[in-house]
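Please read it with the coordinates open.

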Number of protein chains: 2
Amino acid sequence: MPTIQDAFRGKRVIITGGLGFIGSNLARRLVAYGAEVLLVDSLIPQYGGNTFNINGIEDNVHVNISDVRDRFGMSALIRDRDFLFNLAGQTSHMDSMTDPHTDLEINCRAQLSILEACREHNPDIRIVFASTRQIYGRPDYLPVDEKHLVRPVDVNGINKMAGEWYHILYHNVYGIRACALRLTNTIGPRMRIKDARQTFLGIWVRCVVEGKPFEVWGGEQRRDFTYVDDAVDAFLLAAADERAPGKIFNLGDEHVVSLRDLADMLVATTNGASYTVKQFPAERKRIDIGDYYGNYSLIKDTLGWEPKVALPEALAETVDFYREFLSEYL
Amino acid sequence: MPTIQDAFRGKRVIITGGLGFIGSNLARRLVAYGAEVLLVDSLIPQYGGNTFNINGIEDNVHVNISDVRDRFGMSALIRDRDFLFNLAGQTSHMDSMTDPHTDLEINCRAQLSILEACREHNPDIRIVFASTRQIYGRPDYLPVDEKHLVRPVDVNGINKMAGEWYHILYHNVYGIRACALRLTNTIGPRMRIKDARQTFLGIWVRCVVEGKPFEVWGGEQRRDFTYVDDAVDAFLLAAADERAPGKIFNLGDEHVVSLRDLADMLVATTNGASYTVKQFPAERKRIDIGDYYGNYSLIKDTLGWEPKVALPEALAETVDFYREFLSEYL
């Protein structure tokens, strides 16, 4: 029986945001599977790209430093590729409100350009787009499935919603085999910990490793988390499986925790960590969505994906990584 | 008891797409109500703007020929305005597929710029955005209400969805009093009849007036229609009513007809008109949504809007208009 590894051996893969958190973890797996991996990343300092993320696999990947907004460059890069993992994005919700046009350029317009290039020059490519559960907004019911209305609460959510739908549309109209994963909070080694632009957990982990108390804002909100290796599994399954194109899949986890629970779990994982609880800042509260956790039955039933790494283990792996490599991420 | 007229008397109003079909009909009403009306229109030949649309009210409105993509120009124009009717848009579904970036610039990016300008320079403005039922895609159930999932079937639908949500978001986050109307097929005097870019009915009416048979593609699809005067009522109510901001409202009509029924109705309205039935072209079929008609209970219950002009009367008024002014619309 063919394995997932077989689907990628010798295949030409391009990853946008390839020096970023999920992109680089995906690259590591694809290198291990024998794929020919091209990483595209803009290395914009506020985003997730970090050359150290490919430490140890530098000689097994090709790196092209460029921006997905570079329409002609992207058009040249996607030709002759078998798979596109389309992960480049502006991810900060706050930045999308202070600079909405940049968010639109990256999350909306660049996506349309990439798809136009695929349609014109590489219609046989397989594409997986990194979308986000953020586009659901404040849930009407929990866990949220893919039939839930989308009601974005920030500019980032609106632009990601558009970017996701360009992918689905180019499948429906032109037969481009694209699908989308609505990621929930993804955590693990190689995430941005310099600040909270990618995930609030980054800054928590940084504080823990630096021996400082971290701040929990609010703390009552309940969330689900995906360990990055599990997210990588989902991307690979979604790219390889013929049942995926045209579909939108939630990731999620049945293990739901409040942020306070998560903080306690992080403290239990580490020696001597501590935290303080702060009131939720007003400017964030306006775009917060309250409790969220996802129903991931569709991807489970369709592609057989489910999370394998439990949260305490995910936290321990993450903290261990940054204890070893902290200086590379500051 | 104050009338809707009182809400606009002496008020400073700006209409984007003001020389277009709905914009110019709205302008006429606002002039009659004693508003100070500024019309912004790009007069791009493929779109709906036509200087003849303000025939007879030229001296009672201000016209500023410019493009909503002109960020600084728009920012200057919206200052000190009490109301913005935001109707400028690329409306052709086919054009959005052949030139998706232009559609994005107008329906997506320009909307964000306009809202940013309002936030910065005129946060007290009232805004009504012209959205479209097209964003629902192929309905799961009929009539479609606002709780129906949005699943656009063309680039235009995706960009209009984003444009609509910027308005809702700027209400939710910044308190800008914006709302959106999801228009269904709007018909009436001053619609574009040169081609089918705005509505298929335009080209039907043109043929009828020119004494040629018109073509019905398919003909089984069932639709609802709004006469432009009724659409104008909805815009005015949505702008004036304090319960509207932040909301999305369907327009619609309980009188649902197949396109074949509509063709027969048009023939009955006129002397000697005839039509031929053609197969639905493949490139349009891919983005067609089948039957659609909207549930308009929300706007009825919230704002008291309902359609007043029946379809046969709407068709007769429309044909009469173009019999008189055909040469101005070719």
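1. A:A7 is a residue of helix α1 of chain A, which covers residues 4-8. The structure is a predicted model, and the values in this note are to be read with that in mind.

2. Is A:A7 buried, exposed or partly exposed? The count of other C-beta atoms within 10 Å of its own is 18. A residue needs 20 or more to be buried and 12 or fewer to be exposed, so A:A7 is partly exposed.

3. A:A7 can also be placed relative to A:Y33. The two residues are separated by 26 residues in sequence, and the distance between their C-alpha atoms is 8.8 Å.

4. On the contact between the chains: chain A contributes 25 residues and chain B contributes 25 residues. On the side of chain A that touches chain B, α5 (100-121) and α6 (155-174) of chain A each supply at least two residues. The largest share of that side comes from α6(A), with 10 residues. Sorted by class, the side of chain A that touches chain B holds 17 nonpolar, 3 polar and 5 charged residues.

5. How are the two copies related? In general, two copies of a chain are related by a rotation about an axis and a shift along it. Here chain A is superposed on chain B by a rotation of 180° with 0.0 Å of shift along the axis, at an RMSD of 0.0 Å. This is the relation of a two-fold axis. Within chain A, A:L149 has the C-alpha nearest the axis, at 2.8 Å from it.

6. Which surface does each copy use? Of the interface residues of chain A, 100% are also interface residues in chain B, so the copies meet through the same surface.

7. A helix pair within chain A is worth checking in the viewer. Helix α9 (residues 259-269) and helix α12 (residues 311-325) of chain A have axes that come within 9 Å and cross at roughly 55°. Angles of 65 to 115 degrees count as roughly perpendicular and those under 35 as roughly parallel, so at this angle α9(A) is oblique to α12(A). The crossing of α9(A) and α12(A) is right-handed.

8. Which residues make the contact of α9(A) with α12(A)? From α9(A) they are A:M265, A:L266 and A:T269. From α12(A) they are A:L311, A:P312, A:L315, A:A316 and A:V319. By class, this contact has 7 nonpolar residues, 1 polar residue and no charged residues.

Key
Residues are numbered from 1 along each chain as its sequence is written. Chains are lettered from A and ligands numbered from 1 in the order in which they are written. This is a predicted model: local features need pLDDT of at least 70, side-chain atom pairs count only at pLDDT 80 or more; totals for chains, interfaces and linings use all residues. Helices (H or I, at least four residues) and strands (E, at least two) are DSSP runs, numbered from the N terminus. Two residues are in contact if their C-beta atoms, placed from the backbone, lie within 7 Å. Ala, Val, Leu, Ile, Met, Phe, Trp, Tyr, Cys and Pro count as nonpolar, Asp, Glu, Lys and Arg as charged, and the others, Gly among them, as polar. Copies are superposed by least squares on the C-alpha atoms of residues with pLDDT of at least 70 in both. Axes are lines fitted to C-alpha atoms, for helices over the stretch in contact, and angles run from 0 to 180 degrees between N-to-C directions. Angles under 35 degrees count as roughly parallel, over 145 as roughly antiparallel, 65 to 115 as roughly perpendicular and the rest as oblique. A crossing is left-handed if the near helix is turned anticlockwise from the far one by less than a right angle, and right-handed if clockwise.
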